[in-house]
Amino acid sequence: MRREHALRPWPLMLIALAALAAPACEDLPAAPNIPPTATFIFNPVSPITAGETPVVFNASGSRDSDGQVASYTWNFGDGVEQTTENPTITHVFVNTPARCLEIVYTVLLTVTDDKGDRGSASQQVRVIEAPVPGSPECR
């Protein structure tokens, strides 16, 4: 006489319960944030006359390899600082009481990423206080 064994569900239930009781996988630590890279160009480069010439600054080449750039802070070196979410901004350098001079401003761009880290870049911008140095009015 041959005995047939029916498959009983309890071994499968024990396996399922053991899987549920097993410790969960550990969460891995978050990858460190990589700061963004700031870069910009401006136009026109020359001539720029204080109080007259609108200069367009463009930071669209700035990057954040592990997220996105959230804001752009521009310090134009002439007492004006602006923060924007747009990578492009137009600025007219302030007119000073000086005359017949070329003033060199250092423009500083600081980009902030979506995790709060910052990256910066700077360039010098030559601005003329009219009249143009060397002109007859300046002698």
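## A left-handed link and its surroundings

With -90 degrees about the S-S bond, the disulfide that links C100 and C138 is left-handed. C100 lies in the loop between β5 (88-92) and β6 (101-113) and C138 in the segment after β7 (118-129), so the pair ties together parts that are 38 residues apart in sequence. The S to S distance in this link is 2.0 Å. Counting a disulfide as a pair of cysteine sulfur atoms within 2.5 Å, the total comes to one. In general, a disulfide is a covalent bond between the sulfur atoms of two cysteines.

Before going on, a word on the model: it is predicted, so local features need pLDDT of at least 70 and side-chain atom pairs count only at pLDDT 80 or more, while totals for chains, interfaces and linings use all residues. Residues are numbered from 1 along each chain as its sequence is written, and side-chain values use heavy atoms, with hydrogens and water left out.

Now for the overall layout. The chain has one helix and seven strands, in the order α-β-β-β-β-β-β-β from the N terminus. Helices (H or I, at least four residues) and strands (E, at least two) are DSSP runs, numbered from the N terminus. Of the 139 residues, 28% count as buried, meaning under 20% relative accessible area; exposed means over 50%, and partly exposed is in between (1.4 Å probe, protein chains only). Contacts are heavy atoms within 4.5 Å; among those between residues at least 6 apart in sequence, 61% join residues at least 24 apart.

What ties β6 to β7 through side chains? A salt bridge between E102 and R126 does, with 3.3 Å from N to O; E102 lies in strand β6 and R126 in strand β7, so the pair ties together parts that are 24 residues apart in sequence. The structure holds one salt bridge, defined as a side-chain nitrogen of Lys or Arg within 4 Å of a carboxyl oxygen of Asp or Glu.

| Residue | Relative accessible area | Class |
|---|---|---|
| C138 | 23% | partly exposed |
| E102 | 44% | partly exposed |
| R126 | 45% | partly exposed |

The backbone has a few details to look for as well. The peptide bond from N43 to P44 is cis, with omega near 0 degrees, and P44 sits in the loop between β1 (41-43) and β2 (54-58). Another cis peptide bond runs from A130 to P131, with omega near -5 degrees; P131 belongs to the segment after β7. Finally, back at C100, phi is near 60 degrees, a positive value in a residue other than glycine.
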